[in-house]
Amino acid sequence: MIRIANGQGFWGDWLEAPVRLVEQGPIDYLALDYLAEVTMSIVQKQKLADPALGYARDFPPLIGRIAKQIRERGIKVVANAGGVNPVACAKEVRRLAPDLKVAVVLGDDLYDRVGDLLERGHAMKNMDTGEPLASIRERILSANAYIGAFPVAEALATGADVVIAGRCTDTALALAPMIHAFGWREDQHDLLAAGTIAGHIIECGAQCTGGNCQVDWPSIPDMANIGYPIVEAEPDGTFVVTKHAGTGGRVHSDVVKEQLLYELGDPKSYITPDCVADFTSIRLEDVGPDRVRVSGIRGGGRPPMLKVSISYAWGYKAIGTLVYSWPQALEKARAADAIVRERLRALGLRFDEIYTEYFGVNACHGPAAVTVADPAEVQVRIGVRGADRKAVDRFTRELVPLVLNGPPTGTGFGDGRPPVREVVAYWPALLDRSEITTHVEVVE
Amino acid sequence: MKLSEIAHTRSGDKGDTVNIGVIAYRAEDYPVLVREVTAERVKAHFGELVKGNVVRYELPNLGALNFLLEEALGGGGTLSLRVDAQGKTFGAALLRMEIEA
């Protein structure tokens, strides 16, 4: 049996979580997931500004903090912290933790190959809209293929203490240790599906140990000290989801079910580079306090195409807010919105979208919201998005004046006009996997 | 009665699509979910918030349904102008749906 923990569900997750996982009980592998869909574009911009950057900058200091313990106890760290510059990330880790052996997985980054791939007939159409990638060719900021668990397992086989990948799948971070420790092969689809589903359960950190859980949430103990998840994996593909003794939170089949369904598409066809997992085969069993046993998992062979994550410069947006108090707070907020829209029209400004929602009334749930009669206060939140930066910038000047020249009781403008933000959009596509060759490097 | 009496939910995003997992607290209530919580009713529940189709998948092994609500996040991801750009609260909104026991 091996214990695989997840100590980071995204870049920005709780900094203490991975440290506590190391300190508060036994683990063999520490998986850390840093990359969301748009993260690659952020790190690409950082690399363009400084060739020594372009990775998750929280990661090297964390390794510095836990280096002594992971070396003494033989804990292996597996992270997709490399972003678009895994080698630079590895060098910084080595600088802060010189006693650790570090390996990187390379080959996912397609940024310099996009032109060549397009010329050779790989259309990389947008999976949602069907548009060809050539239509945004000049605006591409990053392009990475999602790679699977086998290259990451290959990096573990070097004996590295820390394995750093770029855009590998979130689930690969948990599956790779199982492939490495148990010798699973590429044709063992059920086992790979089991490891993939284990990875799906823990990839969002505490979301499977009681975080963001609806089931009797006020009774979930000690959320301030919530334990992050641990999978106790067996060579036969069964596993137990648990957390360290004495930590807060709750692991129960109800909680695990919520996470199994999180960001799920067709449950019979959960596609990864390693296999296609069938979520309708999963069996859950509560086998003790904070222990859920998972078994029965079936899967199919790996797909011929790999998903590619491309980010591109779309345009600009800004979102501004004002608060109106009782009485008639909602009526005042609606009047303010109408005034802003009329003034934008009068200025001749055009936007791709103007979107208004009313905090405290219907911002989250829209037409499905609970009706509240004459609320104590309402925040009107107006957003615009467009290709023309000047138009978006002009919009940001239109909210604060309403405090003096609009409906009464307008307030909550303390931060002044809202910032104009660059919009980096996401372009999912597919590419023949024969185009992707990964390799592992040990960074000395 | 309200859906919240027999089920809990979790929702998230994939681009401009929201997914909502609806899970029966007790296995014996799963057939009620299958009968009452149809794709059509979910689409109607969210009204203008969901511009595209609603697709339903069944997971009898978990006593759960999975719904995909297409074109529901104002463009999704970084494009969205909504406060709940990731659809985190859609699952909670569905709990108010009235169903027959």
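This is a predicted model: local features need pLDDT of at least 70, side-chain atom pairs count only at pLDDT 80 or more; totals for chains, interfaces and linings use all residues.
Local features need pLDDT of at least 70 and side-chain atom pairs pLDDT 80 or more, while totals for chains, interfaces and linings use all residues. Residues are numbered from 1 along each chain as its sequence is written, chains are lettered from A in the order in which they are written, and side-chain values use heavy atoms, leaving out hydrogens and water.

View 1. Thr196(A) sits in helix H8 of chain A, residues 189-202 (helices are DSSP runs of H or I, at least four residues; strands are runs of E, at least two; both are numbered from the N terminus). Thr196(A) is buried, at 0% relative accessible area (buried is under 20%, with a 1.4 Å probe and protein chains only). Leaving aside residues up to four places away in sequence, Thr196(A) touches Thr171(A), Leu175(A), Tyr270(A), Thr272(A) and Cys275(A) (contact: heavy atoms within 4.5 Å).

**View 2. The interface of chain B and chain A.** Here 39 residues of chain B meet 48 residues of chain A. About 3,700 Å² is buried between them, 57% of it from carbon and sulfur atoms (accessible area, 1.4 Å probe, lost on putting two parts together, summed over both). Arg10(B), Leu62(B) and Leu81(B) supply 23% of the area that chain B buries against chain A, more than any other three residues.

**View 3. The salt bridge.** The count between chain B and chain A is 1 salt bridge (a side-chain nitrogen of Lys or Arg within 4 Å of a carboxyl oxygen of Asp or Glu). Arg10(B) and Glu258(A) pair through their side chains in a salt bridge, 3.1 Å from N to O.

Note on methods: Buried means under 20% relative accessible area, exposed over 50%, partly exposed in between (1.4 Å probe, protein chains only).
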